[in-house]
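Hi everyone, thanks for coming.

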Amino acid sequence: MLRFVLLLNALVLYAYRIDAVTRPVLGAVCVLAMVVWTPLASWLLADPARRTPWWLGLDLALALALVLLSPVVKGAGFGATVPGFWVVGALMAWAVRYRWPGGLLAGAALATADLAVRRDVTQANAGNVFLLLLGGVIVGSMAESLHRMALERDRAQHEAAVAAERTRLARAVHDGVLQVLGLVQRHGREVPELAELGRLAGEQEVALRALIRRQDTVDPDALAVSAPDRVDLVAALAPYAGRPGVEVVDLGERVEVAARIGSELSSVVAACLDNVGRHAPGASAWVLVEADDERVVLTVRDDGPGIPAGRLEQAAAEGRLGVAESIRGRVADLGGTADLRTDPTGTCWTFSVPRATTEPAGGRIGS
Amino acid sequence: MDAQLQEEARVSVMVVDDHPMWRDAVERDLREAGFDVVGVAATGDEAVRRFPACRPQVVVLDLQLPGRSGVEVTREVLQHDPSARVLVLSASGEQADVLAAVKAGATGYLVKSASRAELLDAVRRVARGDAVFTAGLAGLVLGEYRRLSAPADPGRPTLTERETEVLRMVATGQSYKQIAERLVLSHRTVQNHVQNTLRKLQLHNRVELTRYAIEQGIDGDDGGDGDDGDGAG
């Protein structure tokens, strides 16, 4: 496109200054050369595969030849060279193909030719020559950075495709591993000698499933949304599912909270589960993570024998800060409430904490 | 005991799983327990093809299948015979798949690490028409209702307070029996609450699918009015 505009410009200028032409036949040959070469070059150089040194060399050589022929065509004291700005086409081609060194080289060659054929160099001539050099270098560097950006984009696209494929393959592998772990557990329950193996397989199965869950919650556009000081509470609590007998249940969506709330709630859940392990070994426990726009509600339930009546009161009367009180304190610091129910069929904690960040510490202590 | 066995012998089951070891193990367990395994399939396409001939009452279905997915199998099988029951038996339990299968009409879900007794019990209960939930599935269903309720629209299904209460208890690992005792309800009533939560989701899903199909159909006939990119937001 640029080449055709330049050709038009050269032709109009040539026609405008036709009276300066001393050798019309040679001039016509020069013009014809430009008219023929312009579409040919446009076609040749459109495809990067055809941008060989030979064609580019010919392109530049023709431009140089036309510049050098100018004094012959137009007489020694000519104003504009025959091709005029048309040489920019070759310059750009070199700059695009060989980056800034190519632009500089082509620019220097054209500048030298231009200056060599002139009898006297005006300020305007010098300016044009300088622009030629500068243009070559700038277009060369731009081509360079464009090329680099394209490469980076290609690499990013490639990486995304690889990651997607890896996820797909991992899914198939994980599924297979889970199937086998499930089978081993099944056999373990039925063949006493395999009981230990079955138990281990069960633990690994839970761990692998927690991992998959965490990957799933990382996957979608979440990466873009997640600010550094916020965490996904579901992902933060997922590792507890790796403990024997513990199941973490969520609503199938991320629960984003401030990092401080996330880590505090995580330690609260850990404290509850440690307590289950200490006082009701072998009991199962469930952690349910729920959230609406305003609050996060955590339920930690176990099917142990429950906390004996009077035990908590006794601890309080003795001035000991029991585990239960420390749990309550932590939740209160987050501006939330803690509810404890216990009976011989199990113990159930329910924590409700506002999602918005509250004052850092020692805020309202409800009860 | 004998009477129970007699009753169970009539329950016909189809096992769909692409892992031969699992398929054989499940099939053997079911046969030994007196179920009538009328067919097996290793792929989704096979399952859909063989289902009409086998006419099982219960399909025990893995979700990760080559070809047609478990979710599609659920939808097509129930379209063919709405009285059939689908029990999902999945290894990885990927949440989106499980939820999609339940919305497509599956009424039971178990992870593969469940014991043989749990599996047999689940097949019996699903065959009776009960909904077999894990704590994880209850969480997903609670979440789905929450997501549906976000834009307040009278057409969207909602949970009653009692249903929410029951689901939350299931999600914290409580059995129907424990829930019934705590809430002073009959076991059957608890069952019904749980089933209702699924039924409403499935109905909503069908309505949505139909609405979608109609919209697509109308668009196709009239050539559309060029407002394709118009979202609700």
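The second largest cavity holds about 40 Å³ of space. On a 1 Å grid over the protein atoms alone, a cavity is a set of points where a 1.4 Å probe fits but cannot get out, and lining residues have an atom within 4 Å of a point. The volume is the space filled by probe spheres set on the points, which are joined across faces, edges and corners.

This is a predicted model, where local features need pLDDT of at least 70 and side-chain atom pairs pLDDT 80 or more, while totals for chains, interfaces and linings use all residues. Residues count from 1 along each chain as written, chains are lettered from A and ligands numbered from 1 in written order, and side-chain values use heavy atoms, without hydrogens or water.

So who lines that space? From chain A come A:Leu183, A:Arg186, A:His187 and A:Glu190, and from chain B come B:Ala25, B:Arg28, B:Asp29 and B:Arg116. Helix α5(A) gives the largest share, four residues.

Now the packing. The largest nonpolar core has 53 residues, with B:Val16 and B:Val170 among those with the most contacts inside it. Such a core joins buried Ala, Val, Leu, Ile, Met, Phe, Trp, Tyr and Cys through side-chain atoms within 4.5 Å; buried means under 20% relative accessible area with a 1.4 Å probe, protein chains only. A second, separate core of 34 residues includes A:Tyr240 and A:Leu265.

Definitions and conventions:
Buried < 20%, exposed > 50% of the residue type's maximum accessible area, 1.4 Å probe, protein only. 1 Å grid on protein atoms, 1.4 Å probe; cavity = no way out; pocket = protein on both sides within 12 Å on 5 of 7 lines; lining within 4 Å. Helix = DSSP H or I, 4+ residues; strand = E, 2+ residues; numbered from the N terminus.
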